[in-house]
Amino acid sequence: MSPLRIIILVILFYIAYRLIRGKLPSTLTGRKPRTRATPEMPVSDTLEEDPVCKKLVPSRQAVQYEWQGRTIYFCSQECCNTFRSTQGEHQ
């Protein structure tokens with residue numbers, strides 16, 4: 001058997017091994033199944049739009065300001081101060 005034929009056979013066996021291993025159930029291979037986000041999974045955080053600069057900010061990291069009975073989220077204290085000063089002029 002020539003060295004080229006041996007190399008080709010090794011490559012074919014490797015490809016066959018990878019194909020078979022990919023098709024086996026995860027219980028046989030010992031791998032954990034991958035989990036994907038589903039509608040039943042709770043959302044850990046939401047994005048809120050800053051009304052001043054229009055940036056999207058995670059609500060947990062945002063500067064929060066109570067105004068007229070609702071919470072408004074800002075990307076920074078500077079945007080919050082800008083909003084408060086402009087809303088003070090309109091009241």
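1. Cysteine pairing. A disulfide is a pair of cysteine sulfur atoms within 2.5 Å. In this predicted model, a search of the whole structure finds zero disulfides. Cysteine 53 is in no disulfide, and its nearest cysteine sulfur, which belongs to cysteine 75, is 3.5 Å away. Cysteine 75 is likewise in no disulfide, with the sulfur of cysteine 53 as its nearest at 3.5 Å. In terms of relative accessible area, buried means under 20%, exposed over 50%, and partly exposed in between, with a 1.4 Å probe and protein chains only. Cysteine 53 counts as partly exposed because its relative accessibility is 33%. Cysteine 75, at 28% relative accessibility, also counts as partly exposed.

2. Basis of the values. Residues are numbered from 1 along each chain as its sequence is written, and side-chain values use heavy atoms, with hydrogens and water left out. As the model is predicted, local features need pLDDT of at least 70 and side-chain atom pairs count only at pLDDT 80 or more, whereas totals for chains, interfaces and linings use all residues.

3. Confidence. The predictor's confidence in each residue is given as pLDDT, on a scale from 0 to 100. The chain has a mean pLDDT of 83, and 74% of its residues reach 70 or more. Confidence is lowest in helix H2 (residues 26-29), at a mean of 55, and highest in strand E4 (residues 70-74), at 94. Where pLDDT is low, the predicted coordinates should not be read in detail.

4. Overall arrangement. Helices (H or I, at least four residues) and strands (E, at least two) are DSSP runs, numbered from the N terminus. The chain has three helices and four strands, and along the sequence these follow the pattern α-α-β-β-β-β-α. Of the 91 residues of the chain, 14% count as buried. Contact means heavy atoms within 4.5 Å. Among contacts in the chain with a separation of 6 or more, 19% are between residues 24 or more positions apart.

5. Aspartate 50. This residue is placed in the loop between strand E1 (47-49) and strand E2 (56-58). A salt bridge requires a side-chain nitrogen of Lys or Arg within 4 Å of a carboxyl oxygen of Asp or Glu. For charge, Lys and Arg count as positive and Asp and Glu as negative, while His and the chain ends are not counted. Aspartate 50 is buried yet has no salt bridge, and the nearest side chain of opposite charge, that of lysine 54, is 7.3 Å away. A polar atom of the aspartate 50 side chain lies 2.7 Å from the backbone nitrogen of valine 52. Leaving aside neighbours within four places in sequence, aspartate 50 is in contact with Lys55, Tyr73, Phe74, Cys75, Ser76 and Cys79.

6. Valine 57. Strand E2 contains valine 57, which counts as buried because its relative accessible area is 7%. Not counting residues up to four places away in sequence, valine 57 touches Thr46, Leu47, Glu48, Ala62, Phe74 and Cys75. The C-alpha atoms of valine 57 and cysteine 75 are separated by 5.8 Å, with the two residues 18 apart along the chain.

7. Leucine 56 and leucine 47. Leucine 56 is placed in strand E2 and counts as exposed, at 57% relative accessibility. With neighbours within four places in sequence left aside, leucine 56 is in contact with Leu47, Glu48 and Glu49. From C-alpha to C-alpha, leucine 56 and threonine 46 are 9.5 Å apart, and they are ten residues apart in sequence. Leucine 47 is found in strand E1 and is exposed, with a relative accessible area of 55%. When residues up to four places away in sequence are not counted, leucine 47 touches Leu56, Val57 and Pro58. The C-alpha atoms of leucine 47 and alanine 62 are 9.3 Å apart, and these residues are 15 apart along the chain.

8. Backbone angles. Most residues other than glycine have a negative phi. Lysine 54, although not a glycine, has a positive phi of about 65 degrees. Lysine 54 is found in the loop between E1 and E2 and counts as exposed, at 52% relative accessibility. Glutamine 68 is not a glycine either, and has a positive phi of about 50 degrees. The place of glutamine 68 is in the loop between strand E3 (63-67) and E4, and this residue is exposed, with a relative accessible area of 63%.

Technical notes: A polar contact is a pair of N or O atoms within 3.5 Å; within protein, one must be able to donate a hydrogen and the other to accept it, and residues adjacent in sequence count only if both atoms are side-chain atoms.
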